[in-house]
Amino acid sequence: PTDFTPITEEVKQTGLRINPLKIIVGIALFVSLIILWFLLSARSVVVTAYLDSTQQSSAQVNIDGGITFELADHYLIRPGEYRVTAHAEGYIDLQQNFVVGKEDHQLLALQMIKKPGHLEITTNPPNAEILVDGQLVNNKLVDDTLINKKMVDGKSTDRTSPKTIFPLSPGQHQLEIKAPRYFSQTTAVEIEGLDQTQNLHVDLKPAWGFGQISTSPAGADVL
């Protein structure tokens, strides 16, 4: 009989072996290609928010609609449509759509608008009637000092001082103060806006006075 000798040679595994280093290198190369593609196709956009026609602001700016990179004083943005929002203390939040074209360098100027202001008025005598720009102050009033005031929709309809008038747009306004037996007074006030409260006190001149009459003979009745 023939002796049986078992095979002792190791069987080599032919399965696929994963090399972690190659995977990491491949991912890094893929990301690098994406970044390179973005840098080559993106445009430089300088976003500037103005408080007025000349003064730049430190408004908080956010851009939605795609991938953007902020670098120093400008953004890298690919051509397309985007939406920018800007916020600054004392100013109305701005939302605006804009388009990035194919030009390499572009400028986006944002004009911020001041919030309305508030004017707190006190007068002598009190309870004087107030007109702003020729119109009686009505439901725009808030009066925490008067009692028995009439209310409509939670707001005072009383037209007399002392009052806090709101909202008043920034700029100059004409005020007229009236009271019975007093000369009316007109004054101009510059409203700063920015959601700030300004104070104004007005003294009206009396339209009456005391007189002394002497008669001859003395003691005559005066009608």
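## Aromatic pairs, strands and a helix in a predicted model

Two aromatic pairs are counted in this structure, which is a predicted model. A pair of aromatic rings is described by the distance of the centres and the angle of the planes.

The rings of Phe38 and Phe69 have centres 5.2 Å apart and planes at 70°. Planes over 60 degrees apart count as edge-to-face, so this pair is edge-to-face. Phe38 sits in helix α1 (residues 20-41) and Phe69 in strand β3 (residues 68-71). The two are 31 residues apart, and the pair links distant parts of the chain. Phe69 is partly exposed, with a relative accessible area of 45%.

Tyr82 and Phe98 form a stacked pair, because their ring centres lie 5.9 Å apart and their planes stand at 25°. Planes under 30 degrees apart count as stacked. Tyr82 lies in strand β5 (residues 80-87) and Phe98 in strand β6 (residues 94-100), so the pair ties together parts 16 residues apart in sequence. Tyr82 and Phe98 are both buried.

| Ring pair | Centre distance | Plane angle | Class |
|---|---|---|---|
| Phe38 and Phe69 | 5.2 Å | 70° | edge-to-face |
| Tyr82 and Phe98 | 5.9 Å | 25° | stacked |

### Helix α1

Phe38 belongs to helix α1. This helix has 22 residues. From first C-alpha to last, α1 reaches 32 Å, close to the 32 Å expected at 1.5 Å a residue. What does Asn19 do at the start of α1? A side-chain oxygen of Asn19 reaches to within 3.0 Å of the backbone nitrogen of Leu21.

Ser41 is also found in helix α1. At 15% relative accessibility, Ser41 counts as buried. The Ser41 side chain makes a polar contact with the side chain of Arg78, at 2.9 Å. Leaving aside residues up to four places away in sequence, Ser41 touches Arg78 and Pro79.

### Around strand β4

Strands of a sheet pair through backbone hydrogen bonds, either parallel or antiparallel. Strand β3, which holds Phe69, pairs with β4 in the antiparallel sense over four bridges. Thr68 has Ile77 of β4 as its bridge partner. The hairpin of β3 and β4 has two residues between the strands. In this hairpin, Ala72 takes a positive phi near 55°.

Strand β1 (residues 43-50) also pairs with β4, antiparallel and over three bridges. Here Arg43 has Ile77 of β4 as its bridge partner.

Which residues cover the faces of strand β4 (residues 74-77)? His74 and Leu76 lie on one side, Tyr75 and Ile77 on the other. All four of these residues are buried, and both faces of β4 are covered.

### A four-stranded open sheet

A separate heading goes to the open sheet of four strands, with the order β10-β9-β15-β16 and antiparallel pairing. β10 (135-136) and β16 (185-191) stand at the edges. Each has a single partner strand, so one side of each is left without a neighbour in the sheet.

Further in, strand β9 (residues 129-132) and strand β15 (residues 171-178) pair in the antiparallel sense over four bridges. Which residue of β15 is the bridge partner of Val132? The partner is Leu175.

Conventions. Residues are numbered from 1 along each chain as its sequence is written. This is a predicted model: local features need pLDDT of at least 70, side-chain atom pairs count only at pLDDT 80 or more; totals for chains, interfaces and linings use all residues. Side-chain values use heavy atoms; hydrogens and water are left out. Rings of Phe, Tyr and Trp (its six-membered ring) pair if their centres lie within 6.5 Å; planes under 30 degrees apart count as stacked, over 60 as edge-to-face and the rest as tilted. Buried means under 20% relative accessible area, exposed over 50%, partly exposed in between (1.4 Å probe, protein chains only). Two strands pair if DSSP finds at least two bridges between them. The expected span of a helix is 1.5 Å times one less than its number of residues. A polar contact is a pair of N or O atoms within 3.5 Å; within protein, one must be able to donate a hydrogen and the other to accept it, and residues adjacent in sequence count only if both atoms are side-chain atoms. Contact means heavy atoms within 4.5 Å.
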